[in-house]
Amino acid sequence: MTLGELCRADFPILSRTVNGHPLAYLDSAASSQKPRQVIEAIQRYYERSHANVHRSIHTLGEEATELYEGARDAVCGFIGARSREEVLFTRGTTEAINLVAQLVGRTLRPADEVLVTEMEHHSNLIPWQMACRDHGAVLRAVPVPDGRHLDLDAFRRLLGGRTRIVAVTHVSNVLGTINPVADLVREAHAAGALVLVDGAQAAPHLALDMVALGADFYAFSGHKLLGPTGIGVLYGRKEVLERLEPAWGGGEMIKEVWIDHAQWNDLPWRFEPGTPPIAGAVGLAAAVEYLDKLGMPRVTVHEQELTRRAQDALAAIPGVTVYGPPSGEGRGAVVAFNVEGIHPHDGAAVLDEAGIAVRAGHHCAQPLMKRLGIAGTLRASFSVYNTAAEVERLARAVATLPAQL
Ligand SMILES: Cc1ncc(COP(=O)(O)O)c(C=O)c1O
């Protein structure tokens, strides 16, 4: 039995039908489905242990705090961080990147530079546009001239003494390209720049090791990683977090407060003002535990095999263009494609009638769409619960699209 066949039974939603067909959920890059273990952990928390964290000494308050801080330890282990102080909970990747853009943004001076890439999700672009606008800094972008990979020579040319931070995605949510982030970090650090890695499409699929990667910040979302919505993670290197002033104020991020000033709390709470997403953290811990049990290397192999099959099967259909690196090159669990003469939204609607859920549109990556010279694509994306049979179903359905539209 393959991994997909083995773990499908853990995901209650996968047994439903859509438009009279069994559901083939191929949209996990937008948001993954949740195993029973995650759903039950959240339910158990609300039924038995809910209270606010870090403030109540009653039993429920202590249980909730233990669960919340235990989730931090689970995530710390999952991403190979050096210490739990480096793991901050946020509402998601977008919030994590906005937080870094504010923290680092305040250190930018006119003519300083921020380096992004042409393949960024808007989440890793707009916050930097705003930071540059507010502080007079200059935004530069590494091009993707072949529509597949970053131009590394251009990266080296653009990286200079004025570059304060490089913000780059680990895995493209459209192309599936896995960027050589450890190398980029090494070169950026040598040039004196910080590095933020957008891990939204990597954390669910690749074994992570923050120490080996060396990035200063790494952001990802719980809901793409079998966890609930409303929770995300910002990993921050301790030496860097320690020298940054908090961007957001409120309860729990302070040690002592006077009417005109305050003393900040220790890491990581300094960057987590207010009541945190406790149930989200509990669910994320269950998700991380679930993935750990499957084993991330096994998850990667399974998803890359499905992706390769999808890429090959779709590319073999007349009129279909598949985007991203060639088959055989390791890539994230997404395959973006177009069918000649068919608008992606129309294609997705017809696939939905057959019970197949794919995404259509610009995937929040409009600069990349402009580079590719297209308005949008269809996109199939995979998770642990997908099977080769679903990939075959997709390919068969895509082959019939021209006749149906
Ligand atoms: C590469 C990438 N970055 C950031 C995001 C934003 O994630 P969220 O909406 O969970 O904040 C996404 C979501 O699709 C993504 O694919």
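Tutor: Two strands count as paired if DSSP finds at least two bridges between them. Keep that in mind as we look at this predicted model.

Student: Happy to! Which residue is the bridge partner of Arg359 in β17?

Tutor: That is Arg379. The strands involved, β16 and β17 (residues 377-381), pair in the antiparallel sense over three bridges.

Student: In what order do the strands of the open sheet lie?

Tutor: Reading across the sheet, you meet β13, β14, β17 and β16, four strands with antiparallel pairing. β13 (320-322) and β16 (359-361) each have a single partner strand, so one side of each has no neighbour in the sheet. On average, neighbouring strands here are turned by 30° against each other, direction ignored.

Student: Which helix lies across β14, β16 and β17?

Tutor: Helix α12 (residues 344-353) does, and its direction makes an angle of about 160° with β16.

Student: Now the ligand. How do the residues of the shell around the ligand divide?

Tutor: The shell has 10 polar residues, one nonpolar and one charged. Among the residues surrounding the ligand are Gly92, Thr93, Thr94, His121, Asp198, Ala200 and Ser221.

Student: Which elements have the lowest and the highest mean pLDDT?

Tutor: The lowest belongs to helix α1 (residues 3-7), at 94, and the highest to strand β9 (residues 217-221), at 99.

Conventions:
Residues are numbered from 1 along each chain as its sequence is written. This is a predicted model: local features need pLDDT of at least 70, side-chain atom pairs count only at pLDDT 80 or more; totals for chains, interfaces and linings use all residues. pLDDT is the predictor's confidence in each residue, from 0 to 100. Helices (H or I, at least four residues) and strands (E, at least two) are DSSP runs, numbered from the N terminus. A residue is near a molecule or strand if its C-beta atom, placed from the backbone, lies within 6 Å of it. Ala, Val, Leu, Ile, Met, Phe, Trp, Tyr, Cys and Pro count as nonpolar, Asp, Glu, Lys and Arg as charged, and the others, Gly among them, as polar. Axes are lines fitted to C-alpha atoms, for helices over the stretch in contact, and angles run from 0 to 180 degrees between N-to-C directions. Two residues are in contact if their C-beta atoms, placed from the backbone, lie within 7 Å.
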